Amino acid sequence: LSVASVEDPVVMSKIRQNLREKHARHIADLRAYYDSEIQSLKQQLESSHRTASSEDLKKINQSLADRCDQLDAALNEASARIKALENKNNLLEKQVADWRERFYAVSNTSKVLQERLEEMRTTHKEKDNTISRLKSRLKELEEAFEKAYKLSDNKNTRLQEENKMFQNLLGEYESLGKEHERVKDTLNTTENKLLDANTEISDLKRTILKLEAQLKQVEHENTLKLRH
(Lines give C-alpha, C1' and ligand atoms only; values in the text may rest on other atoms or scores of the structure.)
Protein backbone atom coordinates (compact mmCIF):
# COMPACT_ATOMS: atom_id res chain seq x y z
CA LEU A 1 0.00 0.00 0.00
CA SER A 2 1.20 3.48 -0.83
CA VAL A 3 1.27 6.29 1.70
CA ALA A 4 -1.66 7.97 -0.06
CA SER A 5 -3.70 4.75 0.26
CA VAL A 6 -2.87 4.49 3.96
CA GLU A 7 -3.93 8.08 4.49
CA ASP A 8 -7.17 7.77 2.49
CA PRO A 9 -9.93 6.02 4.51
CA VAL A 10 -12.08 5.72 1.37
CA VAL A 11 -9.39 3.65 -0.36
CA MET A 12 -8.98 1.40 2.69
CA SER A 13 -12.75 0.93 2.92
CA LYS A 14 -12.87 -0.08 -0.75
CA ILE A 15 -9.98 -2.53 -0.24
CA ARG A 16 -11.73 -4.16 2.72
CA GLN A 17 -15.00 -4.32 0.77
CA ASN A 18 -13.22 -5.97 -2.19
CA LEU A 19 -11.62 -8.53 0.13
CA ARG A 20 -14.99 -9.38 1.70
CA GLU A 21 -16.57 -9.70 -1.73
CA LYS A 22 -13.74 -11.99 -2.90
CA HIS A 23 -14.12 -14.19 0.20
CA ALA A 24 -17.89 -14.34 -0.29
CA ARG A 25 -17.49 -15.29 -3.97
CA HIS A 26 -14.87 -17.88 -3.05
CA ILE A 27 -17.15 -19.48 -0.45
CA ALA A 28 -20.08 -19.41 -2.89
CA ASP A 29 -17.93 -21.04 -5.59
CA LEU A 30 -16.79 -23.73 -3.15
CA ARG A 31 -20.35 -24.43 -2.06
CA ALA A 32 -21.56 -24.55 -5.63
CA TYR A 33 -18.71 -26.87 -6.55
CA TYR A 34 -19.36 -29.24 -3.66
CA ASP A 35 -23.14 -29.12 -4.20
CA SER A 36 -22.53 -30.03 -7.84
CA GLU A 37 -20.25 -32.87 -6.80
CA ILE A 38 -22.79 -34.18 -4.27
CA GLN A 39 -25.59 -33.92 -6.82
CA SER A 40 -23.48 -35.77 -9.37
CA LEU A 41 -22.69 -38.47 -6.81
CA LYS A 42 -26.38 -38.80 -5.94
CA GLN A 43 -27.24 -39.23 -9.61
CA GLN A 44 -24.51 -41.83 -9.98
CA LEU A 45 -25.83 -43.61 -6.89
CA GLU A 46 -29.39 -43.66 -8.23
CA SER A 47 -28.29 -44.94 -11.62
CA SER A 48 -26.10 -47.57 -9.99
CA HIS A 49 -29.02 -48.76 -7.83
CA ARG A 50 -31.00 -49.40 -10.96
CA THR A 51 -28.29 -51.25 -12.91
CA ALA A 52 -25.72 -52.69 -10.53
CA SER A 53 -25.75 -55.75 -8.28
CA SER A 54 -25.59 -55.62 -4.50
CA GLU A 55 -21.82 -56.24 -4.45
CA ASP A 56 -21.29 -53.47 -6.93
CA LEU A 57 -23.57 -51.22 -4.93
CA LYS A 58 -21.49 -51.79 -1.82
CA LYS A 59 -18.34 -50.86 -3.72
CA ILE A 60 -19.99 -47.82 -5.19
CA ASN A 61 -21.41 -46.82 -1.82
CA GLN A 62 -17.99 -47.24 -0.23
CA SER A 63 -16.41 -45.18 -3.00
CA LEU A 64 -19.07 -42.53 -2.65
CA ALA A 65 -18.63 -42.48 1.14
CA ASP A 66 -14.89 -42.08 0.70
CA ARG A 67 -15.48 -39.32 -1.80
CA CYS A 68 -17.90 -37.61 0.57
CA ASP A 69 -15.37 -37.86 3.37
CA GLN A 70 -12.76 -36.31 1.08
CA LEU A 71 -15.15 -33.53 0.10
CA ASP A 72 -16.06 -32.89 3.74
CA ALA A 73 -12.39 -32.75 4.66
CA ALA A 74 -11.68 -30.41 1.76
CA LEU A 75 -14.67 -28.26 2.74
CA ASN A 76 -13.50 -28.10 6.36
CA GLU A 77 -9.99 -27.26 5.21
CA ALA A 78 -11.31 -24.54 2.91
CA SER A 79 -13.51 -23.14 5.71
CA ALA A 80 -10.54 -23.13 8.08
CA ARG A 81 -8.42 -21.47 5.41
CA ILE A 82 -11.10 -18.80 4.83
CA LYS A 83 -11.42 -18.27 8.57
CA ALA A 84 -7.65 -17.87 8.84
CA LEU A 85 -7.70 -15.41 5.94
CA GLU A 86 -10.47 -13.42 7.61
CA ASN A 87 -8.51 -13.32 10.88
CA LYS A 88 -5.42 -12.29 8.96
CA ASN A 89 -7.45 -9.61 7.18
CA ASN A 90 -8.72 -8.26 10.52
CA LEU A 91 -5.18 -8.31 11.88
CA LEU A 92 -3.95 -6.45 8.81
CA GLU A 93 -6.70 -3.86 9.23
CA LYS A 94 -5.60 -3.30 12.84
CA GLN A 95 -1.99 -3.07 11.71
CA VAL A 96 -2.98 -0.55 9.01
CA ALA A 97 -4.80 1.55 11.63
CA ASP A 98 -1.77 1.34 13.93
CA TRP A 99 0.58 2.23 11.09
CA ARG A 100 -1.65 5.13 10.11
CA GLU A 101 -1.56 6.49 13.67
CA ARG A 102 2.20 5.97 13.81
CA PHE A 103 2.53 7.69 10.43
CA TYR A 104 0.55 10.71 11.66
CA ALA A 105 2.59 10.80 14.88
CA VAL A 106 5.87 10.58 12.96
CA SER A 107 4.66 13.27 10.53
CA ASN A 108 3.78 15.61 13.40
CA THR A 109 7.10 14.85 15.12
CA SER A 110 8.94 15.51 11.85
CA LYS A 111 7.13 18.82 11.44
CA VAL A 112 7.99 19.87 15.01
CA LEU A 113 11.63 18.84 14.51
CA GLN A 114 11.76 20.77 11.23
CA GLU A 115 10.44 23.89 12.97
CA ARG A 116 12.96 23.45 15.80
CA LEU A 117 15.73 22.97 13.22
CA GLU A 118 14.76 26.23 11.50
CA GLU A 119 14.70 28.01 14.87
CA MET A 120 18.12 26.58 15.74
CA ARG A 121 19.47 27.70 12.35
CA THR A 122 18.14 31.21 12.92
CA THR A 123 19.56 31.28 16.45
CA HIS A 124 22.88 29.96 15.20
CA LYS A 125 22.99 32.66 12.51
CA GLU A 126 22.21 35.35 15.08
CA LYS A 127 24.94 33.99 17.37
CA ASP A 128 27.40 34.02 14.47
CA ASN A 129 26.55 37.66 13.78
CA THR A 130 26.94 38.48 17.48
CA ILE A 131 30.30 36.70 17.59
CA SER A 132 31.43 38.65 14.53
CA ARG A 133 30.40 41.94 16.14
CA LEU A 134 32.14 40.97 19.39
CA LYS A 135 35.31 40.08 17.48
CA SER A 136 35.23 43.45 15.73
CA ARG A 137 34.65 45.21 19.04
CA LEU A 138 37.46 43.22 20.66
CA LYS A 139 39.79 44.21 17.85
CA GLU A 140 38.82 47.87 18.28
CA LEU A 141 39.42 47.62 22.04
CA GLU A 142 42.81 46.00 21.46
CA GLU A 143 43.80 48.81 19.09
CA ALA A 144 42.54 51.42 21.56
CA PHE A 145 44.46 49.69 24.37
CA GLU A 146 47.64 49.70 22.29
CA LYS A 147 47.20 53.41 21.58
CA ALA A 148 46.50 54.12 25.23
CA TYR A 149 49.56 52.11 26.23
CA LYS A 150 51.75 54.10 23.82
CA LEU A 151 50.38 57.36 25.23
CA SER A 152 50.59 56.31 28.88
CA ASP A 153 53.62 58.62 29.46
CA ASN A 154 51.44 61.66 28.84
CA LYS A 155 48.54 60.23 30.81
CA ASN A 156 48.59 62.77 33.67
CA THR A 157 48.91 65.69 31.28
CA ARG A 158 46.11 64.36 29.17
CA LEU A 159 43.92 63.84 32.21
CA GLN A 160 44.54 67.41 33.38
CA GLU A 161 43.80 68.75 29.93
CA GLU A 162 40.69 66.64 29.67
CA ASN A 163 39.58 67.76 33.13
CA LYS A 164 40.14 71.37 32.15
CA MET A 165 38.23 70.83 28.93
CA PHE A 166 35.48 69.19 30.90
CA GLN A 167 35.28 72.12 33.32
CA ASN A 168 35.19 74.54 30.38
CA LEU A 169 32.47 72.50 28.74
CA LEU A 170 30.56 72.37 32.02
CA GLY A 171 30.81 76.15 32.33
CA GLU A 172 29.68 76.59 28.75
CA TYR A 173 26.83 74.19 29.39
CA GLU A 174 25.70 76.11 32.47
CA SER A 175 25.99 79.39 30.53
CA LEU A 176 24.02 77.92 27.67
CA GLY A 177 21.43 76.63 30.14
CA LYS A 178 21.00 80.12 31.61
CA GLU A 179 20.87 81.62 28.14
CA HIS A 180 18.31 79.00 27.16
CA GLU A 181 16.13 79.94 30.15
CA ARG A 182 16.38 83.64 29.22
CA VAL A 183 15.52 82.84 25.62
CA LYS A 184 12.62 80.72 26.82
CA ASP A 185 11.30 83.58 28.98
CA THR A 186 11.75 86.01 26.11
CA LEU A 187 9.98 83.61 23.79
CA ASN A 188 7.07 83.23 26.20
CA THR A 189 6.84 87.01 26.56
CA THR A 190 6.99 87.43 22.79
CA GLU A 191 4.31 84.77 22.32
CA ASN A 192 2.06 86.53 24.81
CA LYS A 193 2.66 89.88 23.07
CA LEU A 194 1.96 88.22 19.72
CA LEU A 195 -1.25 86.76 21.09
CA ASP A 196 -2.28 90.18 22.40
CA ALA A 197 -1.38 91.75 19.06
CA ASN A 198 -3.41 89.14 17.21
CA THR A 199 -6.34 89.81 19.53
CA GLU A 200 -5.95 93.56 18.96
CA ILE A 201 -5.72 93.02 15.19
CA SER A 202 -8.93 91.01 15.30
CA ASP A 203 -10.63 93.77 17.24
CA LEU A 204 -9.32 96.37 14.78
CA LYS A 205 -10.58 94.30 11.84
CA ARG A 206 -14.04 94.11 13.40
CA THR A 207 -13.92 97.87 14.05
CA ILE A 208 -12.82 98.55 10.46
CA LEU A 209 -15.68 96.44 9.16
CA LYS A 210 -18.12 98.38 11.32
CA LEU A 211 -16.67 101.71 10.17
CA GLU A 212 -16.81 100.60 6.53
CA ALA A 213 -20.47 99.67 7.01
CA GLN A 214 -21.17 103.00 8.66
CA LEU A 215 -19.24 104.78 5.86
CA LYS A 216 -21.35 103.05 3.23
CA GLN A 217 -24.49 103.97 5.12
CA VAL A 218 -23.38 107.65 5.37
CA GLU A 219 -22.48 107.69 1.66
CA HIS A 220 -25.89 106.27 0.87
CA GLU A 221 -27.60 108.89 3.04
CA ASN A 222 -25.48 111.67 1.44
CA THR A 223 -26.45 110.42 -2.01
CA LEU A 224 -30.12 110.48 -1.03
CA LYS A 225 -29.80 113.98 0.43
CA LEU A 226 -27.90 115.17 -2.62
CA ARG A 227 -30.62 113.86 -4.87
CA HIS A 228 -33.26 115.48 -2.66
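Tutor: The chain exposes about 20,000 Å². Carbon and sulfur atoms supply 55% of that area. Accessible areas here come from the Shrake-Rupley method with a 1.4 Å probe, and for residues only the protein chains shown count as cover.

A word on the basis. This is a predicted model, in which local features need pLDDT of at least 70 and side-chain atom pairs count only at pLDDT 80 or more, while totals for chains, interfaces and linings use all residues. Residues are numbered from 1 along each chain as its sequence is written, and side-chain values use heavy atoms, with hydrogens and water left out.

The chain has four helices and zero strands. Along the sequence the pattern reads α-α-α-α. Both kinds of element are DSSP runs, numbered from the N terminus: helices are H or I with at least four residues, strands are E with at least two. Buried residues make up 7% of the 228 residues. Buried means under 20% relative accessible area, exposed means over 50%, and partly exposed lies in between (1.4 Å probe, protein chains only).

Now to the part you asked about. Side chains of opposite charge can pair when their charged atoms come close. The structure holds four salt bridges. Each needs a side-chain nitrogen of Lys or Arg within 4 Å of a carboxyl oxygen of Asp or Glu. Take three of them in turn.

Start in helix 3, residues 54–150. Here Glu140 pairs with Arg137, with the closest N and O atoms 3.5 Å apart. The two sit three residues apart, about one turn of the helix. Glu140 is partly exposed at 45% relative accessible area. Arg137 is partly exposed too, at 48%.

Move on to helix 4, residues 155–227. Glu179 and Arg182 meet at 2.2 Å, N to O. About one helical turn separates them, because they are three residues apart in this helix. Glu179 has a relative accessible area of 36%, so this residue counts as partly exposed. Arg182, at 45%, is also partly exposed.

Helix 4 also holds Arg206 and Asp203. Their side chains form a salt bridge at 2.1 Å, N to O. Again the spacing is three residues, about one turn of the helix. Both partners are partly exposed: Arg206 at 47% and Asp203 at 35%.

Arg102 lies over the face of Trp99, 4.3 Å from the ring centre. That label requires NZ of Lys or CZ of Arg within 6 Å of the ring centre and within 35 degrees of the ring normal.

Finally, look at the nonpolar side. In soluble globular proteins, nonpolar side chains tend to be buried together. A nonpolar core is a set of buried Ala, Val, Leu, Ile, Met, Phe, Trp, Tyr and Cys residues joined through side-chain atoms within 4.5 Å. Here the largest core has seven residues: Leu30, Tyr34, Leu41, Leu64, Leu71, Ala78 and Ile82. Helix 2 (9–51) and helix 3 are the elements that give two or more residues to this core. Helix 3 gives the largest share, four residues. Neighbours within four places in sequence aside, Leu71 is in contact (heavy atoms within 4.5 Å) with Tyr34, Glu37 and Leu41. Over the chain, residues 24 or more positions apart account for 64% of the contacts with a separation of 6 or more.
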